[in-house]
Amino acid sequence: MNKRIFALLLALCMLALCSCSRKGEPTEEGFRDEKSGLEYFFVKPMGLYPVEPSEEYLTLKEGKTETVFYEVWFEDPQNFLCYEDSGNFFLVRSEKIKEPTVSEFNPIAASIYGSSNTVFITSFYADNEYLPEDQREHSPTEDSWLCKLIAETLTEGENVSVPVSSENIQDLYYIRLLSQDYPGLYYLVSFFGFNGRYFLRDDAAGKTVYCPRDIILRMVGE
């Protein structure tokens with residue numbers, strides 16, 4: 001075999017072996033990156049999620065189970081990583097980062113999905129002030145105020161008890177709030193109707209509030 005080809009193949013093999021050479025050590029509440037010494041904790045479900053995974057970063061072996069953790073696009077791997085479970089990606093955060101609430105997430109835009117949370121329907125568009133100059137004036141609306149209203153209502157609104165089940169919910173939608181502060185993440189909120197009223201739900205915080213009329217008008221036009 002040509003020596004140059006052999007050297008190239010060897011380099012590619014070494015690169016493959018090293019691409020995920022970082023190892024994790026299990027801890028009581030998560031795992032520790034053996035290389036950086038940082039401890040990572042699993043983020044509460046139904047709140048923060050990665051928009052898109054990137055390259056493999058670290059592997060964690062617990063018994064016979066090995067989990068691969070990936071970088072998150074636009075996020076520092078020493079802040080957030082993600083992993084796959086049953087076809088979905090979930091987050092872990094390092095000890096350096098406090099898990100933001102919906103208001104601390106500071107949303108400025110959103111993607112709206114149907115009741116399965118898999119089919120994209122529409123967007124709440126970021127205001128021009130948050131966009132690069134070459135992208136300004138192209139959005140049909142400026143909706144950052146609606147996203148901030150959702151966060152404010154979920155934070156300051158009264159928690160209400162709604163005895164709902166999947167059979168009696170109407171107009172269920174999932175709102176993936178997007179942030180300039182955390183560009184690689186989204187915060188998941190649900191919108192639904194029950195008994196003639198509409199509500200917002202933050203499952204991570206375990207809180208349901210009455211939905212403001214401005215949001216209702218954009219979501220269902222009533």
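Is Glu104 buried, exposed or partly exposed, and what is its relative accessible area? Glu104 is partly exposed, because its relative accessible area is 38%, where buried means under 20% relative accessible area, exposed means over 50% and partly exposed lies in between (1.4 Å probe, protein chains only).

The legends below describe a predicted model, in which local features need pLDDT of at least 70 and side-chain atom pairs count only at pLDDT 80 or more, while totals for chains, interfaces and linings use all residues. Residues are numbered from 1 along each chain as its sequence is written, and side-chain values use heavy atoms, with hydrogens and water left out.

**View 1. The whole protein chain.** The protein chain contains three helices and 14 strands, these being DSSP runs numbered from the N terminus (helices H or I, at least four residues; strands E, at least two). Along the principal axes, its C-alpha atoms fill a box of roughly 70 × 45 × 30 Å, and of the 222 residues in the protein chain 43% are buried. Of the contacts (heavy atoms within 4.5 Å) in the protein chain with a separation of 6 or more, 54% are made by residues 24 or more positions apart. The protein chain carries 20 positive and 36 negative side chains, with Lys and Arg counted as positive, Asp and Glu as negative, and His and the chain ends not counted.

View 2. The structure holds six salt bridges, each defined as a side-chain nitrogen of Lys or Arg within 4 Å of a carboxyl oxygen of Asp or Glu. Glu99, found in the loop between strand E8 (88-94) and strand E9 (107-113), forms one of them with Arg93, at 3.9 Å from N to O, and both of these residues are buried. Glu99 itself counts as buried because its relative accessibility is 18%. Leaving aside neighbours within four places in sequence, the contacts of Glu99 include Val43, Leu48 and Glu104. Glu104 is in turn joined by a salt bridge to Lys98, with the closest N and O atoms 2.9 Å apart, and Lys98 counts as exposed because its relative accessibility is 59%.

**View 3. The salt bridge between Glu39 and Arg32.** In this pair the side chains meet at 3.3 Å, N to O. Glu39 counts as buried because its relative accessibility is 14%, whereas Arg32 counts as partly exposed because its value is 30%.

**View 4. Lys44 and its surroundings.** Lys44 lies in the loop between strand E3 (39-42) and strand E4 (48-50), and it counts as partly exposed because its relative accessibility is 45%. When residues up to four places away in sequence are not counted, Lys44 touches Glu99 and Ala204. The C-alpha atoms of Lys44 and Ala205 are separated by 9.2 Å, although these residues are 161 residues apart along the chain.

**View 5. Asp202, a buried acidic side chain.** Asp202 sits in strand E13 (residues 197-202), where it is buried yet has no salt bridge, the nearest side chain of opposite charge being that of Arg201, 7.2 Å away. Its side chain does make a polar contact with the side chain of Tyr187 at 2.9 Å, a polar contact being a pair of N or O atoms within 3.5 Å, of which, within protein, one must be able to donate a hydrogen and the other to accept it, and residues adjacent in sequence count only if both atoms are side-chain atoms. A polar atom of the Asp202 side chain also lies 3.2 Å from the backbone nitrogen of Ala204. Beyond its neighbours within four places in sequence, Asp202 is in contact with Val102, Leu154, Tyr187 and Lys207.

Technical notes: The place of a charge is taken as NZ of Lys, CZ of Arg, CG of Asp or CD of Glu.
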